[in-house]
Amino acid sequence: MSKPSIPKGTRDFGPKEMVRRNWIFQTIRSVFERFGFEPIETPAMENLATLTGKYGEEGDQLIFKILNNGDFLNKADKDAIAEGDSKKLSFSISKKALRYDLTVPFARFVVMNQHALPRPFKRYQIQPVWRGDRPGKGRYQEFFQCDVDIVGSNSLLNEVELVQIFDEVLSDLQIPNFNVVLNNRKVLAGIAEVANASEKLTDITVAIDKLDKIGEEKVKQELVNRGITEDQITALQPLFGMDGGNQAVLNQLASHLTDSEIGTKGVEELRYVIEYVERIGLRSANVKIDPTLARGLTYYTGAIFEVKVDDSPVGSICGGGRYDDLTGIFGLKGMSGVGISFGADRIYDVLEHFNLFPKEAGISTELLFANFGEAEEHWCMEILKDLRSQGLRAEVYPESSKLNKQMKYANDKGIPFVALIGSEELANKQITLKNMQSGEQTKLSAHDLFNAVRG
RNA sequence: GUGGCUAUAGCUCAGUUGGUUAGAGCGCCGGAUUGUGGUUCCGGAGGCCGUGGGUUCAAAUCCCAUUAGCCACCCCA
């Protein structure tokens, strides 16, 4: 028999991890709800046709396809088999696939339920997504996204509120030194237009996105490789030197893009959002405009967001942006939306790396009753019923094993208090309460137990 | 998809130019302690040396194949 294992890029979560993960999800959920978002869920699998063509050619390759049930071979594309064309074949043997993100299923959901939803519609969704990517540091094949989106509103106030949500969530989670990076797809379009290379927009954005990683020279080399001419690269030059704070960058961008209508619009949008956010003030977020931020997804049309943590072991922990016509491909035109996504797994990795999980995020049971025998146990159960009704997380050791073993159980499980009720305690109706951290023991009545543990 | 590295106890790893019974730390179990965990001391269990083949009197060690994992590139959350 072979050793059991799980697929690469997937993980089991033990009790300790789950308590911490739930704390992250709960924090995120609570902020989303405070901003008026409502929850939805969609199926893990979608029709393959719903997902294909939405994430670019590269993205399509990473979608996990589900093999048809039944006699799929009989219905398979014989030509594709003969030609050895696996990509073509896959569409004849697979009709369903695992969702790749939460935004496209959301777009489908909005189109299907358009008459039943309030406008604008503000939803949040916390579910796993799957990508057939090569796993690595901070990179999984199954991971959770926590999305908030607003559809049916063009107002830039939404962008402002999303920046506030970044700030609220990440501050509540005590993420240190995080930067909310801001750009606008219209600025990128303007840049390409001014360089007289509008049809090369994607190539340009993919290349300059790497600026902070590989440096100016290599970016230029990549631009050349992607077929950008010398003249066009010269026209892109001002991009490489932009710095000196958000206002300065905005001013430089504005003058660089005066001849581009769309670019100017993008700069105005950026300016509106950044000035609004600065007027209201943030708790701990550092907001930065970066005209080289591109992000891979093809459907963004306006604002683009990304959150990075200084000295982080993983890449970006959040992303998002505005899309003018996401629902268009499903038949509902002119519905603009804007949204952001929190990568819960990467947030976990960051908190773990900096050792920042609060202590209470590791505690499940608050109080354990040691078990000394039948008569003592009966009293424990009575007290437990009362304590649990008050909301205390408490349990009794299920058998009267050696105390040694019971104490070890409490210690292993990180239970902060143990109540000892032996024959003497039972006779006097006094409970011995042990504080597992200090080792200190006190005697008290059942009535005082709750406050002693919670105090 | 390309290149490099690794695979030995539950985990992290030692293991000499090939040589007798493959070790350590941590963890686990038991005892010191049948009313006290964590700390300390003592003891114990746990291994087809990733898998298949080859060289050799002899292989964890050398060679070939295979599988899995790690790092870099590419791409991305």
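Predicted model: local features only at pLDDT ≥ 70, side-chain atom pairs only at ≥ 80, totals over all residues.
Local features need pLDDT of at least 70 and side-chain atom pairs count only at pLDDT 80 or more, while totals for chains, interfaces and linings use all residues. Residues are numbered from 1 along each chain as its sequence is written, chains are lettered from A in the order in which they are written, and side-chain values use heavy atoms, with hydrogens and water left out.

**View 1. An open sheet of eight strands.** The order is β1-β5-β6-β11-β10-β9-β7-β8, and the pairing is mixed. Strands here are DSSP runs of E with at least two residues, helices are runs of H or I with at least four, and both are numbered from the N terminus. Two strands pair if DSSP finds at least two bridges between them. At the edges stand β1 (38-39) and β8 (286-289), each with a single partner strand, so one side of each has no neighbour in the sheet.

**View 2. Strands β10 and β11 side by side.** β10 (residues 318-323) pairs with β11 (residues 337-343) in the antiparallel sense, over six bridges. Look for G321, which stands opposite G339 in β11.

**View 3. Helix α8 on the sheet.** α8 (residues 185-194) lies across β7 (178-184) and β9 (303-309). It runs at about 50 degrees to β7, with axes fitted to C-alpha atoms (for helices, over the stretch in contact, meaning heavy atoms within 4.5 Å) and angles from 0 to 180 degrees between N-to-C directions.

**View 4. The surface around RNA strand B.** Sugar and phosphate make up 43% of the RNA strand B atoms that come within 4 Å of the protein. Helix α17 gives the largest share of this surface, five residues.

View 5. The side chain of Q441 has an N or O atom 2.4 Å from a base nitrogen, and a backbone N or O atom of Y140 lies 2.6 Å from a base nitrogen. For S316, a side-chain N or O atom sits 2.4 Å from a sugar or linking oxygen.

**View 6. A salt bridge between E352 and R20.** Their closest N and O atoms are 3.8 Å apart; the rule asks for a side-chain nitrogen of Lys or Arg within 4 Å of a carboxyl oxygen of Asp or Glu. E352 is in α15 (residues 344-353) and R20 in α1 (residues 15-34), so the pair ties together parts 332 residues apart in sequence.

Terms used
Near = heavy atom within 4 Å. Polar contact = N/O pair within 3.5 Å; in protein donor to acceptor, adjacent residues only side chain to side chain.
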